[in-house]
Amino acid sequence: CQLVYPYLMDPRFDEDTVAWMYRYYGTASRSFWTVFEVTFSGSWPVYTRVLVEDVSLVFAFVSAAYISLVVFAITRIITALFLKDTLAACAN
């Protein structure tokens, strides 16, 4: 929300882009819901492509870092669960 706000007031962007940014990132609750959808639905390109291509390349770095971190964390959690079950099965 805070990263997108300066771009919402920028006259360089057309009305459709500003409306899209407000729809998904205009308020704290909208931003929270969008990040929730990005995290759990796997449709992150839908929510980041317009920001990267039409607004600023900075959002590519922010999005890539967030998505990489989340995917890494989820992979590590799943690996830990499998390892725990495997070690429990071996102990019996």
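Student: What makes the contact between the side chains of Glu53 and Arg49 a salt bridge?
Tutor: A salt bridge is a side-chain nitrogen of Lys or Arg within 4 Å of a carboxyl oxygen of Asp or Glu. Between Glu53 and Arg49 the N to O distance is 3.2 Å, so the pair meets that definition. Before we go on, please note that this is a predicted model, where local features need pLDDT of at least 70, side-chain atom pairs count only at pLDDT 80 or more, and totals for chains, interfaces and linings use all residues. Residues are numbered from 1 along each chain as its sequence is written, and side-chain values use heavy atoms, with hydrogens and water left out.

Student: Where do Glu53 and Arg49 lie?
Tutor: Both are in helix α4, four residues apart, which is about one turn of the helix. Helices here are DSSP runs of H or I with at least four residues, numbered from the N terminus.

Student: Why is Glu53 called exposed, and why is Arg49 called partly exposed?
Tutor: Buried means under 20% relative accessible area, exposed over 50%, and partly exposed in between (1.4 Å probe, protein chains only). Glu53 has 54%, so it counts as exposed. Arg49 has 48% and is therefore partly exposed.

Student: How many salt bridges does a search of the whole structure find?
Tutor: It finds two. Besides the pair in α4, Arg12 forms one with Asp10, with the closest N and O atoms 2.6 Å apart. Arg12 is exposed because its relative accessibility is 65%, while Asp10, at 17%, counts as buried.

Student: Why is the pair of Tyr24 and Tyr47 called edge-to-face?
Tutor: A pair of aromatic rings is described by the distance of the centres and the angle of the planes. Rings of Phe, Tyr and Trp (its six-membered ring) pair if their centres lie within 6.5 Å; planes under 30 degrees apart count as stacked, over 60 as edge-to-face and the rest as tilted. The centres of Tyr24 and Tyr47 are 5.2 Å apart and their planes are at 75 degrees, so the pair is edge-to-face. This pair links distant parts of the chain: Tyr24 is in helix α2 (residues 15-25) and Tyr47 in helix α4 (residues 44-55), 23 residues apart.

Student: How do you know whether Tyr24 is buried or exposed, and what about Tyr47?
Tutor: Tyr24 has a relative accessible area of 16%, so it is buried. Tyr47, at 10%, counts as buried too. Ring pairs also join these two tyrosines with Trp20 and Tyr25 in a cluster. The whole structure holds seven aromatic pairs.

Student: What puts the buried residues of α3 on the same side?
Tutor: Those residues are Ser31, Thr34, Val38 and Thr39. They cover an arc of only 135 degrees around the axis, so they share one side of α3; the arc is that of the directions from the helix axis to the C-beta atoms. Ser29, Phe32 and Phe40 are exposed on the other side.

Student: What is the reach of helix α3 from its first C-alpha to its last?
Tutor: With 14 residues (28-41), α3 reaches 19 Å, close to the 20 Å expected at 1.5 Å a residue. The expected span is 1.5 Å times one less than the number of residues.

Student: Why does Pro45 count as partly exposed?
Tutor: Pro45, which lies in helix α4, has a relative accessibility of 27%, so it counts as partly exposed. Its C-alpha atom is separated by 9.4 Å from that of Ser63, 18 residues apart along the chain.

How values were computed: Helices (H or I, at least four residues) and strands (E, at least two) are DSSP runs, numbered from the N terminus.
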